[in-house]
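Subject: Handing over a structure, with notes on what was found

Dear colleague,

I am passing on to you the structure shown just below, which I understand you have not worked with before. My notes follow it, arranged by region, so that you can read them with the model open beside you.

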Amino acid sequence: MSIKELHLILFIFFLSATASGGGGNVYEVPGDGATDAALESLYFNGKVYLFAKGIDDRIYVNIMDGAYSWSGWNEVPGEGTTDTALAAEWIYDPVISDFRLYLFAKGGEDNRIYYNTKEYSSEHWGIWQEVDGEGTTDAALEAEQYGDELYLFSKGIEDKQIFINKLNLRTKEWSGWDVVPGLITDAALSAETHMDKSGIHLYLFAAGIDKFVYVNVLDHKDWSGWANLGGTTNMPIEACSSHETLWLYFVGANDHNIYMTTGAGSSGIWANAPMFVSVGSNVVPFGTDASITVVQDGNMNLCHFLKGTDNRIY
């Protein structure tokens, strides 16, 4: 397949799924919301949850149902504040035999790491609690379930190292913060589990301080080591596993174009550097200056959400 053919396929796919809504057009998310940070999205309880940091640093959620109707922006209870994007993940809780949503936030004033939870069968949120381990960060967090553990990734403040803290879903005990060695970064991380011919792997993506895009793949207990995928960005990378395909997105470091690629080798890593193709800088009015978030909804559509440079949400 030529680069032009791949570009055409990816561009058509992007336009058919961007911002979802069933129609394939880019539009502003209803509710008159605004943000100065990247967004976070999650499919949970038959609905798409879209999380945003408000201009006032409070934490908001807007929920889209299966008919593409939105709830409007509401503050997540607990009076939490943050100055970065949020991280969200749902898990099956074997203790209560129910699904549970975890929402993570960097504290807006103290740089500490907090979480709040919501059960599948309840409309109510819990309270904001600090993650065990006394971790701090100056960037957004990333969370992903892998096996019987919830993996939480953060970036160190002074040393810029990549840290991991794992929640045992049965005992509810945190492992404490450990370093994922081999790379330092100035940006938040992105993680995604993906099944291929050799099994289920956890992919961890990061932008190095050299701005190149890197991936490290966890196969149960062993990391593959960091591999340079090419492409440059100084923003968090987004990954989404959908339709048996691993999709990867980032915003270019210099041109602010949105780049995307797809596919991973059967061994759990890319056999060669992938071809990143640009879908342009004007997919939303005024362009974007923050990372994209992508989620598969209940209709098997990929929903793409972005912050415009006008701080509106698309």
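T233 sits in the loop that runs between β17 (227–232) and β18 (238–242), and, since the model is a predicted one, what I say about this residue and about the others should be read as computed from that prediction. Because its relative accessibility is 0%, which is under the 20% limit, T233 counts as buried. The side chain of T233 reaches the backbone nitrogen of M235 at 3.1 Å, and, when residues up to four places away in sequence are not counted, T233 touches A207, K211, V213, F250, V251 and A253.

K211, which T233 touches, is placed in the loop between β14 (199–207) and β15 (212–219), and it has a positive phi of about 75 degrees although it is not a glycine. Is K211 buried or partly exposed? With a relative accessible area of 35%, K211 is partly exposed, whereas T233 is buried.

For orientation, the chain as a whole contains 1 helix and 23 strands. Of its 314 residues, buried residues make up 52%, and, among the contacts in the chain with a separation of 6 or more, those between residues 24 or more positions apart account for 48%.

The hairpin of β9 and β10 has 2 residues between the strands, and in it G147 takes a positive phi near 70 degrees. On to the following strand, β10 and β11 also pair in the antiparallel sense, over 7 bridges, with I162 in β11 as the bridge partner of K155. β10 and β11 form a hairpin too, with 5 residues between them, and K160 in that turn has a positive phi of about 60 degrees. Why can strand β10 (residues 149–155) be called largely enclosed by the rest of the structure? It is so described because 6 of its 7 residues are buried.

R170 is placed in the loop between β11 (161–168) and β12 (178–184), and its relative accessible area of 56% makes it exposed. R170 and D93 are 77 residues apart in sequence, yet the distance between them in space, C-alpha to C-alpha, is 7.4 Å. Leaving aside its neighbours within four places in sequence, R170 is in contact with P94 and V95.

A further group of strands makes up an open sheet, in which 4 strands follow one another in the order β5-β6-β7-β8 with antiparallel pairing. The edge strands of this sheet are β5 and β8 (129–130), each of which pairs on one side only. Between β5 and strand β6 (residues 98–106) the antiparallel pairing extends over 7 bridges, and there E89 has Y102 in β6 as its bridge partner.

E79 is exposed, as its relative accessible area is 64%.

With kind regards

Conventions. Residues are numbered from 1 along each chain as its sequence is written. This is a predicted model: local features need pLDDT of at least 70, side-chain atom pairs count only at pLDDT 80 or more; totals for chains, interfaces and linings use all residues. Side-chain values use heavy atoms; hydrogens and water are left out. Buried means under 20% relative accessible area, exposed over 50%, partly exposed in between (1.4 Å probe, protein chains only). Contact means heavy atoms within 4.5 Å. Two strands pair if DSSP finds at least two bridges between them. A polar contact is a pair of N or O atoms within 3.5 Å; within protein, one must be able to donate a hydrogen and the other to accept it, and residues adjacent in sequence count only if both atoms are side-chain atoms.
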